[in-house]
Amino acid sequence: MIESLKKDKLSPITVLTGEDFGQYSQMKELFLNQIGFDPSDLNYSYFDMAETVYQDAEMDLESLPFFADEKIVIFDNVADITTAKKSYLADKELKRLEAYLANPLASTKLILCASGKLDGKRRLVKLLKRDAQIFEAKLLKEAELRTYFQKLAHREGLVFESGVFDELLAKSGFDFSEVNKNLTFLKSYKAGGQVTSQDIHKAIPKTLQDNIFDLTQLVLLGKVDEARNLIRDLRLQGEDEIKLIAVMLGQFRMFTQVKLLGSQGKTEQQIVAELSDIIGRRVNPYQVKFALRDSRSLSLSFLKKAMVYLIDADYQIKRGVYDKDYLFDMAILKMAHERQ
């Protein structure tokens, strides 16, 4: 829709919004390019509402164009029309903006940019939904995300070995901006030929989740020295023990949940559905698939004790009983000993 837009055919009011920040950023960049936005061109006015005094923006909005028949005014970061807790405009200022939206100038095209979910309860948003052209970057379903990036990868000349594309999606957390960024890494690393699992590991930087997964595997294999070296590296990168414990605990909790549900004879799809219902959000099917695989050799007794060690370390750290480095190291040693 944006690619078919013409600058001289813009609606009096246009809204760019959306909960998927990766898509929203891409959409906003494409839109501004499509209308030929140039900050040095006096026929365009740009205001970041997080930093602008509203009176200054309003004065420009309500003044007639000086250099042409029409002008374009952009209000960026209009968080006040979303469900975000941030608010940059006072109630009186919102009322004045509302009055303009009800009766916009024919010579001015107003563009409102607001990442996040529109707050449908606001009168301002109701006016926008009635009168404005709205471009919304909605969160994609897994199938839509997969189709989009498969086509993009094909255009970029990337061909994946069986199962490797799924590995890319899982490593990216099925997040639009992360998949997009990681495809760029792959394109830079792999000029041609099939993309392998090894390429994924070499080309894409490790996330905290990846490092904690590696740490968990080292603990399970009893490789304590290697585990402590990885912990030291994470500390040097600025990661805090409480955060490391939280992520590691999340992994062990997932192992325990899928093992309990699997022992009840539930299929992988049933486990995804039940966990989604319990947690209150859609659980990534690949997260369940990998958790089932990685927890196969672990006993419920070990998993319960591992979680107790981590919870106890977290509690002691927050009470300030001992040094947090020591408490986390002790939890790792206890888990490794329990596993052996």
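In helix 13, which spans residues 285-294, the buried positions are P285, Y286, V288, A291 and D294; buried denotes under 20% relative accessible area, exposed over 50% and partly exposed the range in between, with a 1.4 Å probe and protein chains only. Helices here are DSSP runs of H or I with at least four residues, strands are E runs of at least two, and both are numbered from the N terminus. The cover over the buried residues of helix 13 includes helix 5 (142-155), helix 6 (164-171), helix 9 (208-220), helix 11 (241-263) and helix 12 (268-279). The model is predicted, with local features requiring pLDDT of at least 70 and side-chain atom pairs pLDDT 80 or more, whereas totals for chains, interfaces and linings use all residues. Residues are numbered from 1 along each chain as its sequence is written, and side-chain values use heavy atoms, leaving out hydrogens and water.

The largest nonpolar core comprises 41 residues, and L215, M248, F252, F328 and I332 have the most contacts inside it. Such a core is a set of buried Ala, Val, Leu, Ile, Met, Phe, Trp, Tyr and Cys residues joined through side-chain atoms within 4.5 Å. At least two residues of this core come from each of helix 9, helix 10 (224-236), helix 11, helix 12, helix 13, helix 14 (300-319) and helix 15 (324-339). Helix 11 provides the largest share, ten residues. Leaving aside residues up to four places away in sequence, L215 touches A227, L230, I231, M248, F328 and I332, a contact being heavy atoms within 4.5 Å. Another core, of 25 residues, lies apart from the largest one and includes V78, L97, L101 and L110.

Aromatic rings form 13 pairs in the structure. Rings of Phe, Tyr and Trp (its six-membered ring) pair if their centres lie within 6.5 Å, and planes under 30 degrees apart count as stacked, over 60 as edge-to-face and the rest as tilted. Y148 and F149 are edge-to-face because their ring planes stand at 90 degrees, with centres 4.9 Å apart. Y148 is partly exposed at 30% relative accessible area, whereas F149 is buried at 0%. The pair F252 and F255 is likewise edge-to-face, with planes at 90 degrees and centres 6.1 Å apart. These two residues of helix 11 are three residues apart, and therefore separated by about one helical turn. F252 is buried at 0% relative accessibility, and F255 is buried with a relative accessible area of 5%. Elsewhere, ring pairs link F37, Y44 and Y46 into a cluster.
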